Amino acid sequence: MSHSQRYALWMYEDVKTIKEDKLYLVRNKQTEELAVKRYIRKELIPVYQALKEKRSLYLPIIYEIQIENLRGIVITEFIQGITLQKILDENGHILDTDVRSYAIQICEALETLQEQEPKIIHRDIKPENLIVTDSGRIKLIDFDAARIYNNYSETDTEYIGTQGYAAPEQYGFSQTDERSDIYALGIVLQRIVGKKSREWNKVIQKCTNMDPNKRYQNAAQLKRALEHIGKKRKISVIVLVTLFAISAIISISLYSNDKHSEKDYQGIDITKEQAIEACSKYAQACGYGSDCDITVYAFTLDAIEKVNEVFADSIS
């Protein structure tokens, strides 16, 4: 280790031992800012070097990386916050309003890892390694189980991970890749999602499929699915209300106004019976949180416009 490297480490004084010979809380002598000193296996140095070069709001900042006595020393930012595990221990659940936001932020962290060349596989995503900062942002920590993806390897050289969260391939069935982290995130979602709607169950089941080919193939795909949760439900409610409005308008127009007959409505693309049937189907669909049928949605918008035009003529 050179003099400049030793000086860089000397700038951080130990404040507290978190885990003997492994993890320490330190303070920068110049700035007085707290940081974390971590001793790592030499094999992990490329992982931390990649993290240092490409920062993310959802990953810890890496200040220093040095080698000493065949092991690495890493200085990372000290993150003020609380782990998802501690929130679960104290409250028993995560607020429904926070779950989707947290899940998307975790995907953002994974996207940064998966955009590296070669990719970084975390291999130990669990509530203990996810910190909610004081500002409400999620940060993915602890890369001690991480590895650089190898295109030419059939299995991992080490079987590392946490039982209950590790994907099947982490036990030697095949090489881990970004889909292994998707699996672990699915298990995390299974734990933190309170009321599991059909949408949430669909996402979780796809994440945790035993076959990696049937999971979301990367964090970007999963993030798109998460961003869609809730929005489809809102669209479905709007469509349902619209359909009931059409049904009511046609019903009132046809049966409460004697001076107009059925033939006045020959130009309308939707009949009362069709509207009621569509309303019934959407009522059932919304109750089970199924996907919004965009064809019916477009058809409905077109129909209500025509119904409104006829209704306006009928009361004039």
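How far is the sulfur of Cys207 from the closest cysteine sulfur, and in which residue does that sulfur lie? The distance is 7.6 Å, to Cys107, too far for a bond. The legends below describe close-up views of a predicted model.

View 1. A disulfide is a covalent bond between the sulfur atoms of two cysteines.

**View 2. Helix H6 packs against helix H7.** H6 spans residues 198-207 and H7 spans residues 219-228. Their axes come within 10 Å and cross at roughly 170°, so the two helices are roughly antiparallel to each other. H6 contributes Glu199, Trp200, Val203 and Cys207 to the contact, and H7 contributes Leu222, Ala225, Leu226 and His228. By type, these residues comprise 6 nonpolar, 1 polar and 1 charged.

**View 3. The largest nonpolar core has 53 residues.** Residues with the most contacts inside this core include Tyr48, Leu51, Leu140, Phe143 and Leu189, along with Leu222 and Leu226. Helix H4 (residues 96-114) gives the most to the core, with 9 residues. Another core, of 9 residues, lies apart from the largest one, and among its members are Leu9, Tyr24, Val26 and Tyr39.

**View 4. Surroundings of Leu226.** Beyond its neighbours within four places in sequence, Leu226 is in contact with Arg100, Ala103, Ile104, Cys107, Leu189, Trp200 and Val203.

Definitions and conventions:
Residues are numbered from 1 along each chain as its sequence is written. This is a predicted model: local features need pLDDT of at least 70, side-chain atom pairs count only at pLDDT 80 or more; totals for chains, interfaces and linings use all residues. Side-chain values use heavy atoms; hydrogens and water are left out. Axes are lines fitted to C-alpha atoms, for helices over the stretch in contact, and angles run from 0 to 180 degrees between N-to-C directions. Helices (H or I, at least four residues) and strands (E, at least two) are DSSP runs, numbered from the N terminus. Angles under 35 degrees count as roughly parallel, over 145 as roughly antiparallel, 65 to 115 as roughly perpendicular and the rest as oblique. Contact means heavy atoms within 4.5 Å. Ala, Val, Leu, Ile, Met, Phe, Trp, Tyr, Cys and Pro count as nonpolar, Asp, Glu, Lys and Arg as charged, and the others, Gly among them, as polar. A disulfide is a pair of cysteine sulfur atoms within 2.5 Å. A nonpolar core is a set of buried Ala, Val, Leu, Ile, Met, Phe, Trp, Tyr and Cys residues joined through side-chain atoms within 4.5 Å. Buried means under 20% relative accessible area, exposed over 50%, partly exposed in between (1.4 Å probe, protein chains only).
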